[in-house]
Amino acid sequence: MNATSNMPSAPDFTRDLEIVAPLTPRQIFLRRARRHRGFLFGAGVILVIAALALLAPLLAPHDPYAQNLISRLQPPVWMDRGAWDHPLGTDQLGRDYLSRLFYGAQFSLLIGFTAMVISGFIGTSLGVVAGYFGGRVDLIITFLITARLSMPIVLIALAVAALLGSSLTIVILILGLLLWDRFAVVARSKTMQLRDADYLMSAKALGMPRWRIILTEILPNIMDAVIVVATLEMAHAILLEAALSFLGLGVQPPLPSWGLMIAEGKDFLLFEPWLIMIPGAALLLLVLAINLLGDGLRDISSPEARS
Amino acid sequence: MTMLKIENLRIDIATQNGTLHAVRGVDLEVEKGEVVGIVGESGCGKSLTAMGLLGLLPRSAQRSADRIRFLERDLTKASVAELRGIRGNRIGMIFQDPMTALNPSYTIGDQLTEGYLHHRKTARKEAVERAIYLLNRTGITAARSRLSQYPHQLSGGLRQRIVIAMALMCEPDLIIADEPTTALDVTVQAQILRLIKDIQAEMAAGVIIITHDLGVVAQMADRVAVMYAGEVVEAGPTHSIFAAPQHPYTIGLLSCMPDAARRGRLGQIPGVVPSLIGERKGCAFRTRCPHATQPCRADIAIHRRAGGHSWRCTIPDQTANTRKS
Amino acid sequence: MTVFFFKRLGLAFLVALFVSVLSFFMLRAAGDPAIAMAGEGATAADIEFIREQFGFNRPLLMQYLSWLGNALTGDFGESSYFAKPVSQLISERLPITLGLGVSALIFSILLAVPLGMLAAVNPNSLIDRIALSVSVLGQAMPNFWFALMLIVIFSVWYPVLPASGNAEWRHFVMPTIVLGYYATPAIMRLTRSGMLEVLNADYIRTAHAKGIPASRVLIKHAMRNAILPVVSIASVQFGYMLGGSIIIESIFALHGIGQLAWESISRADLPTVQAIVLILSLIYVGLNFVADLVNAWLDPRIRIA
């Protein structure tokens, strides 16, 4: 309508040719999110697992550490000899598998999340600094990223965990200090794209200090991309924690980490394969859900990225 | 002799928000040895019309037409293989951006001879000779040594000459030039247009030149079709259109041109092009038309005048209005 | 091209040097190697003896320099657990790991590249969905769990493949699948997105406008350009696979460098761990360097500049 307002003879005849009113970014986000099946599935599964982990003390049918050597290796309820007393059976020490699974979710989520926060902080800071200042600073940080990518992280994580002696804190620190590379790469390239944008120029021209430009102008604008990396790195950290625990250098017994549960079940692989199938499936489901959430977020925030 | 006759060409593109009718029943004719200009703003469907003719459309686009007659054949009924036999062979394409139209991984010689070798099934040597001849003809020096060069080693103007030479390899009956000079410097633009015009005269080929630049049309075309929002709103001999435009859109375009030289890009007509999604009734230009009235909402008759000048408007003769601006 | 070559070579050299410094100091900072090596119940004299013998009492920088100097001549010291020269251990074990890595890479490329290409050519089709599922599942699957599941299926339920050892090719089937599948998602995603990008390029339209057959356009004009980024990712993935072999080899009891790493880590055999970290990093840096060269050679924009 406003397009023709300067032509008094026209407006009456134009109503049916109007262009659709644009939606706000938030509306677009919600609309796309509601249509994105992967995103919905991922978000749903994560919510359920997080709820189970948080409410484990209330929901778990048994104490996850209570051993009962009489009823050890009892199979899940759907198999012969299974019983509702232990819906997912018991492990080699007679501990209730379902309860251990619930408590194990706590470790996966806790380690994955904190490691992701640490690596996200390191990587994003490095990336933004490299992208914003460019030149020699960028050269050095790019070099650091290349060097980091050249190091075999599984091996280094294992060696350091072995030398330091493993604990929850150490696993988190190792993963947090090793997984920052992708954050740095993405934050750097996004910042470089922004660096010459008009509004940054005007902020500079107004004499805004650098740290404020970075905090108030750059960070909010690269957050979409960083969050996507964050989901993928959280999934990565969860998988690595499971691998470390599986090799005995992550979460230590008797704590119920899913990777550790698989390692303990490995000895019974011949006759009780469900001991490894159940925690493995849980791990697969959680990581799958986080990845789908991340892919979904990327599709939703920038659909052109997937084409 | 009419070489190409398009009747009621429609191109629909499926989008998330519904079907976008990008081309809405376009009729177009090209005579042998004639240059036809299609002019309009970006998004009016002029490029799609040309691509649709050859079936070179994006996957999401759907083409339909009553008939596309080209040299006694109906392209709407042609098989994929038949179409490929025509493309590059009987119809040559000149693209807009010479920087991206050539494959960075292959030499100029390879890309020039590729189509010729495929259509003519000749020896490589003959194709190379033809390529060298055309490179010379398009004004490229040291033609033989260019053949082993890669696109990134050449300037934009040179690349566009190569794209032109590529379109001419099989001596096509029809050349489609899609904004052939838009991506080039002004000085190079004039040379390239001159070249296309000369070669067209020499080979007696038909040319469809797609542009948003009325200056190009005035310089090149025998006839013009003005497109707006997927429709041809006015068509006719170039001199007739420039001297006595009938459709208010054409009038608007012409009045936006700098008067002295009658050269320049399409200027600003106030208002926004209507959405192409969904069916439309009435005149598409009425949202921006200074003469819009109630009848503009109904179906629009096409007026025809002797000499092949036709237009789609409720007002039978706008000659009086042209003087107004 | 010559300038490019030397620039890349210089960079590769610097990265290798830096990584060697970093890994050396990181492992030293992680704990007193003498205490770890001496094991539980060692006396102070035992520890002091180990310190003396392995030179742990010298300044760190000196230790690093002499370690690096020896390493450059191929001398990585003596393994404290196997009581053999580390270089001998590694040269015995490396071929198995490299063989596993190469076969896994081939498996992964054979799976990922055709699937990614087909997916890009037919977006939103059934094949695209299958490709996406393969990739999403591969990203989420813990590889050690996948290995155990394969053992359950193919060694326990349907005993067709051996679960451990490295005597013949059948021992390598499951490790190859596990390790190869681990690299598949990244390669496939990049193939798909690269191919999609290329298919939308103007020069593809130019090729179609020439009237040459669609299959020719696809193979000659599209694939060549789409494959460029795949070369880099394949070399990166090969590096990751060598690192990931530590888990796979320990599960399938393959006597490769991964298992050696695992054994020396559990025995606090520091010289061996350090040598393996360095060698894996060097292989990775070398691969990247080669991938850069291959890329430059395939892409005339770099080759002729």
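Is L58(A) buried or exposed? L58(A) counts as exposed because its relative accessibility is 71%; exposed means over 50% relative accessible area, buried under 20%, and partly exposed in between (1.4 Å probe, protein chains only).

This is a predicted model, in which local features need pLDDT of at least 70 and side-chain atom pairs count only at pLDDT 80 or more, while totals for chains, interfaces and linings use all residues. Residues are numbered from 1 along each chain as its sequence is written, chains are lettered from A and ligands numbered from 1 in the order in which they are written, and side-chain values use heavy atoms, with hydrogens and water left out.

**A surface patch on chain A**

L58(A) lies in helix α3 (residues 56-59) of chain A. Helices (H or I, at least four residues) and strands (E, at least two) are DSSP runs, numbered from the N terminus. Together with L54(A), L55(A) and L59(A), L58(A) makes a nonpolar surface patch of about 440 Å². Patches are made of residues with over 30% relative accessible area and no salt bridge; like charges are joined within 9 Å, and nonpolar side chains (Val, Leu, Ile, Met, Phe, Trp, Tyr) within 5 Å.

**Chain C as a whole**

Chain C has 13 helices and 0 strands. Its C-alpha atoms fill a box of roughly 85 × 60 × 30 Å, taken along the principal axes. Of the 305 residues in chain C, 52% are buried. Chain C exposes about 12900 Å², and carbon and sulfur atoms supply 69% of that area; accessible areas come from the Shrake-Rupley method with a 1.4 Å probe, and for residues only the protein chains shown count as cover. Among the contacts in chain C with a separation of 6 or more, 72% are between residues 24 or more positions apart. Contact means heavy atoms within 4.5 Å.

The domain assignment of chain C gives domain 1 (2-72) and domain 2 (93-299); such bounds come from an automatic or database domain assignment. The centres of domain 1 of chain C and domain 2 of chain C, taken over C-alpha atoms, are 31 Å apart. Where the two meet, 19 residues of domain 1 of chain C are in contact with 14 residues of domain 2 of chain C. The count between these domains is 1 salt bridge, a salt bridge being a side-chain nitrogen of Lys or Arg within 4 Å of a carboxyl oxygen of Asp or Glu. The side chains of D292(C) and R8(C) meet in a salt bridge at 2.6 Å, N to O.

**Interfaces**

The size of an interface is often given as the accessible area lost when the parts come together. Buried area here is the accessible area (1.4 Å probe) that two parts lose on being put together, summed over both.

| Parts | Buried area | Share on carbon and sulfur atoms |
|---|---|---|
| Domain 1 of chain C and domain 2 of chain C | about 1500 Å² | 81% |
| Chain C and chain B | about 2400 Å² | 52% |
| Chain C and chain A | about 4000 Å² | 81% |

Between chain C and chain A, 46 residues of chain C are in contact with 43 residues of chain A. Across this interface the rule finds 1 salt bridge. D295(A) forms a salt bridge with R189(C), with the closest N and O atoms 2.9 Å apart.

Across the interface of chain C and chain B, the rule finds 4 salt bridges. K210(C) is bridged to E114(B), the closest N and O atoms being 2.8 Å apart.

**Other salt bridges**

Over all chains, the structure holds 29 salt bridges. In chain B, the side chains of D173(B) and R90(B) meet at 2.7 Å, N to O. This pair links distant parts of the chain, 83 residues apart: D173(B) is in the loop between α7 (156-168) and β8 (174-178), and R90(B) in the loop between α2 (80-86) and β7 (91-94) of chain B. R90(B) counts as partly exposed because its relative accessibility is 21%.

In chain A, R298(A) and D299(A) form a salt bridge at 3.5 Å, N to O. R298(A) is partly exposed at 24% relative accessibility, whereas D299(A) is buried at 14%.

**A buried helix in chain B**

Helix α11 (residues 248-256) of chain B is largely enclosed by the rest of the structure, because 7 of its 9 residues are buried. Among them are P248(B), Y249(B) and L254(B).
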